[in-house]
Amino acid sequence: MACLAATLGLVLFSGIMDLSAANKDPCDLYALVGQNLTLPFVFEGLGVHELRWTHNTKIIFHGQQSRVSHGKAEDISKTGSLFLKNLQFSSAGIYRADVVNPNRTLAKTWHGSLCVMDKVSKPQLTYICDKSSAVILNCNVANPQGLTFSWTVFMDDKTLSETKQTLSISLAQQKVVRSFTCSVANKVSEEKSDTVRPYCESPPPPSLFGLKSQILVLAVLAGGPGLILLLLVIIITLCCRYRRIKTQMRRRDQEGLRMPSLNKLESNFSSVYETMHQTEDAPTVSQTSLPKYCCENVTQPEARTENKPAQLSADAEGQKPSPVPKPRTKGPKAPNI
């Protein structure tokens, strides 16, 4: 049991050490490209001691008193500090200083990690008016990785706690807050943008017909059955009205097509009527002018048919109609004896 507890303690301690090592800044020193830097190492009474500087395990200075085997004497201070001039990205790395006593024992040692960074560029502050009654400010800068952002309000020179690249301010706050600047910084430099005073108009209050479809659907769902029934009644009413208007338009079109046919038929009827009227007014051949044997040989229905034009002709001429011969009647048959 004791061994188990000791093992768990060792694992927990190792995890804490790994976490602290992961959170530790990998660089002890930061410098700007082109900058001069003095590494912070001091050893009083250097005298007869031997001094050695290495950069990533490469010896860059080795000397004792006035004798220098690597490097230059002017690159070392009286206390053993190392002067670095016109730093470049290749100058980054681990530097180590060792001071050795005359008896070849180690008197003092120092090491540190140097990171060389470029200067940040000046940011450009822009803004857009969002539809949700807010103004969104963006601090634009090239290569924003590893940079720290900060915002300043020029109403009271107050620095906001926001450290993101984008800042959102409601229009209600903008009525009080007037101007903004953003700043970007790394470990070795900092730049600030120009002052910007955003202006956005407040949107009008939303109306029923200006709502988005999603909001309208939510309103219908929230309104309950009564609102749904009202919408159904409105839709049915509109459909019935549309159908009635469409029927009236169809009837109107049919009547418009029928009028030319009626006019043409009326014209044809007038011409026929005029022709018939002229025919009735023309004189006809009298029945008396017909031969006698013609009238005797026809049957009673035919005589009636033939006499109708004669009568009309006689009336038209103001004459009396000719007498119609009576049909012959046969006597009763003698009974058979």
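Buried here means under 20% relative accessible area, exposed means over 50%, and partly exposed lies in between, with a 1.4 Å probe and protein chains only. By that scale N86 is partly exposed, because its relative accessible area is 46%. N86 also has a positive phi of about 50 degrees, although it is not a glycine. Its place is the loop between strand 6 (83-84) and strand 7; helices (H or I, at least four residues) and strands (E, at least two) are DSSP runs numbered from the N terminus.

Some conditions before I go on. This is a predicted model, in which local features need pLDDT of at least 70, side-chain atom pairs count only at pLDDT 80 or more, and totals for chains, interfaces and linings use all residues. Residues are numbered from 1 along each chain as its sequence is written, and side-chain values use heavy atoms, with hydrogens and water left out.

N56 sits in the loop between strand 3 and strand 4 (58-64), and at 40% relative accessibility it counts as partly exposed.

Now confidence. pLDDT is the predictor's confidence in each residue, from 0 to 100. The protein chain averages 73, and 60% of the residues score at least 70. Over residues 1-22 the pLDDT stays under 50, and the model has 0 contacts there beyond four places in sequence, a contact being heavy atoms within 4.5 Å. Residues 282-320 are also below 50, but that stretch has 17 contacts beyond near neighbours in sequence. Where pLDDT is low, the predicted coordinates should not be read in detail.

Next, the cores. A nonpolar core is a set of buried Ala, Val, Leu, Ile, Met, Phe, Trp, Tyr and Cys residues joined through side-chain atoms within 4.5 Å. The largest has 19 residues, and L39, L51, W53 and L114 have the most contacts inside it. At least two of its residues come from each of strand 1 (29-32), strand 3 (50-55), strand 7 (93-100) and strand 8 (106-117). Strand 7 gives the most, 3 residues. Beyond four places in sequence, L114 is in contact with residues including L29, L37, L84, L87 and Y95. A second, separate core of 18 residues includes V141, L171, V184 and C200.

Then the cysteines. How many disulfides does a search of the whole structure find? There are 3, counting pairs of cysteine sulfur atoms within 2.5 Å.

C27 and C115 have their sulfur atoms 1.4 Å apart, and the link is left-handed, with -55 degrees about the S-S bond. C27 lies in the loop between helix 1 (2-23) and strand 1 and C115 in strand 8, so the pair ties together parts 88 residues apart in sequence. C27 is buried at 11% relative accessible area.

C129 and C200 have sulfur atoms 1.9 Å apart, also in a left-handed link, at -85 degrees. C129 is partly exposed at 46%, whereas C200 is buried at 15%.

For C139 and C182 the sulfur distance is 2.1 Å. The S-S torsion is about 75 degrees, so this disulfide is right-handed. C139 and C182 are both buried.

In sequence order the pairing of the bonded cysteines is 1-2, 3-6, 4-5. C239 is in no disulfide.
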